[in-house]
Amino acid sequence: MAHSRASTKVVVAGEVVRSIPSLQSAGHDLNKIMGIRLRNGPDLQLSLESLDMWQHDELFKPFFHQVGMIDCSSSKEGIENLRRKYQTLLDAGIGLEKTNVWLETEDEILAKMPNFTREQVKGWKGLFCSDGGWLAAAKAINAIGNFLQDQGVKFGFGGAGTFKQPLFAADGTTCIGLETTDGSRYFADKVVLAAGAWSPTLVDLENQCVSKAWVFAHIQLTPQEADKYKNVPVIYDGEYGFFFEPNEHGVIKVCDEFPGFSRFKQHQPYGAKSPKIVSVPRSHAKHPTDTYPDASEITIRKAIARFLPNFQEKELFNRTMCWCTDTADANLLICEHPKWKNFILATGDSGHSFKLLPNIGKHVVELLEESLSQDMADAWRWRPGGDALRSRRGAPAKDLADMPGWKHDAKL
Ligand code: FSA
């Protein structure tokens, strides 16, 4: 959340500990994927803008590891999807074939993934994006935090940083600020709620966003092992998952790929007349003993067996759930609230928005200044209806209530 009056900006970070990024944020992570994905109308412009900033902007470029990204598959359906993805890139008509290369043969695949064996990549096809790679997520957000503090932006943490409610003028509909849970009141001409997966728990979004958890685990390599994996591209297979090159401490993050886990419960966001069923995130920050469901252990191990068979015996650690919020069509939700003037929503990441860190704020500012392009305004409008539980994924999310293994609260 941010609001401004004259030149003062206040960011309400909703955090127990004074840390940027918030420990509750999915961005508090070793790495996130950078790649060109063209799902929706605004994606091409957004991807190109963000690529340019990750490559050239002094603040962001230290955090972009442009090692490339390979989408791969060995199943009939997966390869058809990959071919469609490739065609969409070609159809953009801006020369993306220069940086996105189809890998047809095992030799072509092995040339890009030297640690893989011929046996392992039998029947695989791949799509290599040389503009892709990974983003050092938490470090990048921390750098922005430091930059903003240097610019005089004030941050609120703990109770002073946890949203309670908007404040309204006497007309009851013009937002003039907000109150946080410790009773602090911040007054502003405009309020932006950019609370990620927590957004639909804070204000009633009329089921436009469903928050879901995705999972990862870490494995520790020896220095010799890590050396061999230095600078390998991000490898992604929609039927298995993905992994990243080891970080400076030899740690590899492995993710499975699945439609996410919801956590539905009775909850009353601000603006709802009575409690309703909302998927409410639960963070490791507040529940440090949480891990992930038993089922995730199996699918993460499956991803390791596929991508990193030599490391199958390694211990997994930092088993973690992190939360994103899906819209029905996987477009962002960036608009003024239809009933609350000057209260702006910037949410609906739909699991593929971290890469927009450098440039999405520019478009939020355009919305505030009434200069947002029509196609973005249309794509990001307030739009109840549709199925955000399924979104554009292979299936609706399963609920954590039906997924044993993740909760390790002390028994009272
Ligand atoms: O831009 C991208 O395609 C990154 S996807 C990363 C991911 O873990 C998804 O694979 C997952 O399905 C979920 O959306 C969270 O983000």
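Where does Val-280 lie? Val-280 is in the loop between strand S20 (276-279) and helix H7 (294-307). Helices (H or I, at least four residues) and strands (E, at least two) are DSSP runs, numbered from the N terminus.

Two remarks on the source. Residues are numbered from 1 along each chain as its sequence is written. The model is predicted, local features need pLDDT of at least 70, side-chain atom pairs count only at pLDDT 80 or more, and totals for chains, interfaces and linings use all residues.

Back to Val-280. A residue is buried if 20 or more other C-beta atoms lie within 10 Å of its own, exposed if 12 or fewer, and partly exposed in between, with C-beta atoms placed from the backbone. Val-280 has 18 other C-beta atoms within 10 Å, so it is partly exposed. Two residues are in contact if their C-beta atoms, placed from the backbone, lie within 7 Å. Not counting residues up to four places away in sequence, Val-280 touches Thr-201, Arg-263, Lys-265 and His-267. Glu-369 is 89 residues from Val-280 in sequence, and the two are 32 Å apart in space, C-alpha to C-alpha.

Next, two residues in helices. Ile-109 sits in helix H3 (residues 106-112). Is Ile-109 buried or exposed? Ile-109 counts as buried because 21 C-beta neighbours lie inside 10 Å. Leaving out residues up to four places away in sequence, Ile-109 touches Leu-103, Val-121, Trp-124 and Gly-126. Asp-91 is 18 residues from Ile-109 in sequence, with 24 Å between them in space, C-alpha to C-alpha.

Gly-145 belongs to helix H4 (residues 137-150). Gly-145 has 18 C-beta neighbours inside 10 Å and therefore counts as partly exposed. Gly-145 and Asp-57 are 88 residues apart in sequence and 16 Å apart in space, C-alpha to C-alpha.

Now some backbone details. Most residues other than glycine have a negative phi, and most peptide bonds are trans. Asn-207 has a positive phi, near 65°, and is not glycine. Asn-207 is placed in the loop between helix H5 (199-202) and S14. It is partly exposed, because 18 other C-beta atoms lie within 10 Å. Asn-231 also has a positive phi, about 65°, without being a glycine. The loop of Asn-231 runs between helix H6 (223-229) and strand S15 (234-237). Why is Asn-231 called exposed? Because 10 other C-beta atoms lie within 10 Å of Asn-231.

The peptide bond between Ile-20 and Pro-21 is cis, with omega about 0°. Pro-21 is in the loop between strand S2 (8-12) and strand S3 (32-34).

Now the whole chain. How many helices and strands are there in the chain? The chain has 9 helices and 24 strands. The radius of gyration is taken over C-alpha atoms, and the globule rule is 2.2 Å times the number of residues to the power 0.38. For 412 residues a compact globule would be near 22 Å, and the chain has 21 Å, which agrees. Along the principal axes, the C-alpha atoms fill a box of roughly 70 × 60 × 40 Å. Of the 412 residues, 43% are buried. Among contacts with a separation of 6 or more, 71% are between residues 24 or more positions apart.

Then the core. A nonpolar core is a set of buried Ala, Val, Leu, Ile, Met, Phe, Trp, Tyr and Cys residues joined through C-beta atoms within 7 Å. The largest nonpolar core has 99 residues, and those with the most contacts inside it are Leu-135, Ile-235, Val-254 and Ile-334. Strand S14 (residues 210-220) gives the most to this core, with 7 residues.

Last, the ligand. Which residues are around the ligand? They are Ile-33, Arg-37, Trp-214, Cys-255, Glu-257, Cys-324, Gly-351 and His-352, a residue being near a molecule if its C-beta atom, placed from the backbone, lies within 6 Å of it.

That is the end of the tour.
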